[in-house]
Amino acid sequence: MQIYGTQITSPLLLGTAQYPSPTVLNAAIKASGTQIITVSLRRETANGSGAGFFDLLRQNDCHILPNTAGCHTAQEAITTAKMARELFETDWIKLEVIGHSDTLQPDVFGLVKAARVLAADGFKLFPYTTEDLVVGEKLLDAGCEVLMPWGAPIGSGQGLRNPNALRAMRAYFPNTPLIVDAGIGRPSDAAHAMELGMDAVLLNTAVAKAGDPVGMARAMALAIKAGREGFLAEPMERRDMAVPSTPILGMADLG
Amino acid sequence: MITIAGAGVAGLACAWELARRGANVTVFEAGAAPSDNPCSWFAGGMLAPWCEGEIAEAEVVHLGAGAIKWWQNITHVETCGTLVVAPPRDRAELVRFAQRTDHHQRIDGEALARLEPALEGRFGQALFFKDEAHIDPRQALIDLTAAVQTLGVDIRYDTMAPQNVDVDCRGMASGVPGLRPIRGEMIVIEAPDVTLIRTVRLLHPRIPLYVVPRGDGVYMIGATMIESSSWRPITVRSMLELLGGAFALHPGFGEASVIETGVGLRPAFADNIPRLTQQGDTTHVNGLYRHGFLLAPALAGQLATQFFQEKTYENQSEWADA
């Protein structure tokens, strides 16, 4: 998968929040085989004041994808993105503009607005969006080259709530990298997303809050690989009735 | 003579463990009083090793097991357990908490109301950690200061530690490599309309919090855990989340007065487990993270056994049972 000119071979992006400790986080990163880790930048961690934690993250050989988690307006997200660019010396930004504090669903109006401003400023955007096709088009029009539709609300672990819409999105944007972001709870959810033809999966809570985060990171990587290979291998069509898997031809003739 | 830098809970606990074995101890403290150690002064004071096991490594639970007995030699300990509750829509958090911890019993709403009448009808289920306890960390710090002084320890306030001390307990100020600060913010409220006698933890996927009774209708609400070295006062967001959580626990907190807020930068190693480290002739006791009052006794015990070579450093369980 090619994203903004960078070749990405691991279809798993991992968030870095909520782990029991940075040591466990680093072990989970290794076990997942991820190449891209997301980092949340709150205002109090800007200006390098979160240095201790960020230094630990930099010890991994991963691309850091800062995000604007917790921003509720386009302006807040824009300001945070600029801080992140300075702090992490990257023009990649996972753009989140939250519209509702309970469901954490994206404010797609603020998202498109922020995307326009940041793309014009040279940012390479990873927008956290819904599965809405029109919003997707507007984000591409604003300069995004990747779309990150939600599977379910952030941290809910519900899996894909609307697989049909994600399938439609895949068909409608055949050449745009699509990354399912948020809502993955179990390895089977991640495999499901990949079976739909998604290019990658971004997850955090499902690993961080597992009883054994390192074991779950490994399981997710395996599931994502299985889902991807299953998609490429073109699964059979579903049928309503049984079809015998044992051929009639060559049966012993007992008559 | 053994010299110690820092008179927060770690430095004082070390002084006590060394002095009670007959050592001649001097403690250097840059601040003027116990209240100048923000990590200790703004602590929650929960002696709750099993609850902490939800997120902490097993070693933290193990090291914390002896803390209640230790503090009972020093100060008043409220040994009435911890309650853990969750709003109905976050019931999954309670299930997860129960799976990740032990030493608790599941109780229903009626049993909860018998323990804490103020919570009657508010939660249908709870976890009760009956063997946990809490202290008032400020009183504990003052009592521990008096206790070590009674043992002959010389605490020199307003005095920078000399270049080479035997034991360094200054947290982030020690400059130990591998430490990072974790900002914690807390609020003290006075709520005469709400009566809780034990620590209550409210689970929430984003804003878990605890309420620790300080007596006389005063409660400490804490605490955030933010990867940051900023000393600025508590943010509006943190205050909203902590107070919103407290209000969800009991609406009576809505009528409370906010009487204090505080911020501390707690030192932690990458695995969030405290330890003794050696740099030259100095032994560092550091990385106590959010477990200062819970783990200082165990770390101080390790230090003393190292100094007096009574037992091996690894042999902590023997100490915990002592």
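Predicted model: local features only at pLDDT ≥ 70, side-chain atom pairs only at ≥ 80, totals over all residues.
Colleague: How many residues does the contact take from chain B and from chain A?
Modeller: The contact draws on both chains. Under the cut-off for contact, heavy atoms must lie within 4.5 Å. The contributions are 21 residues from chain B and 24 residues from chain A.

Colleague: What area is buried between chain B and chain A?
Modeller: The size of an interface is often given as the accessible area lost when the parts come together. Carbon and sulfur atoms give 45% of the area buried between chain B and chain A. The buried area is about 1800 Å².

Colleague: Which element of chain B gives the largest share of the lining of the second largest pocket?
Modeller: The second largest pocket holds about 900 Å³ of space. Its lining comprises 48 residues, and those closest to its centre are B:Pro38, B:Cys39, B:Ser40, B:Leu265 and B:Pro267. Elements of chain B that give two or more residues to this lining include helix 1 (9-19), helix 2 (38-41) and helix 10 (292-308). The largest share, 4 residues, comes from strand 15.

Colleague: How many residues in the lining of the second largest pocket are nonpolar, polar and charged?
Modeller: The lining of the second largest pocket has 48 residues. By class, they are 27 nonpolar, 13 polar and 8 charged.

Colleague: What is the volume of the largest cavity?
Modeller: The whole structure has 4 cavities of 30 Å³ or more. The largest cavity is lined by 13 residues, with A:Pro20, B:Ile55, B:Ala56, B:Glu57 and B:Asn272 nearest its centre. Its lining divides into 6 nonpolar, 3 polar and 4 charged residues. The volume of the largest cavity is about 70 Å³.

Colleague: Is A:Tyr4 buried or exposed?
Modeller: A:Tyr4 is found in the loop between strand 1 (2-3) and strand 2 (6-7) of chain A. Its phi is near 50°, a positive value in a residue other than glycine. Because its relative accessibility is 13% and the cut-off for buried is under 20%, A:Tyr4 counts as buried.

Conventions
Residues numbered from 1 in each chain as written. Chains lettered and ligands numbered in written order. Heavy atoms only, no water. 1 Å grid on protein atoms, 1.4 Å probe; cavity = no way out; pocket = protein on both sides within 12 Å on 5 of 7 lines; lining within 4 Å. Points joined across faces, edges and corners; volume = space filled by probe spheres on them. Nonpolar A, V, L, I, M, F, W, Y, C, P; charged D, E, K, R; others polar. Buried < 20%, exposed > 50% of the residue type's maximum accessible area, 1.4 Å probe, protein only. Buried area = accessible area lost by both parts, 1.4 Å probe.
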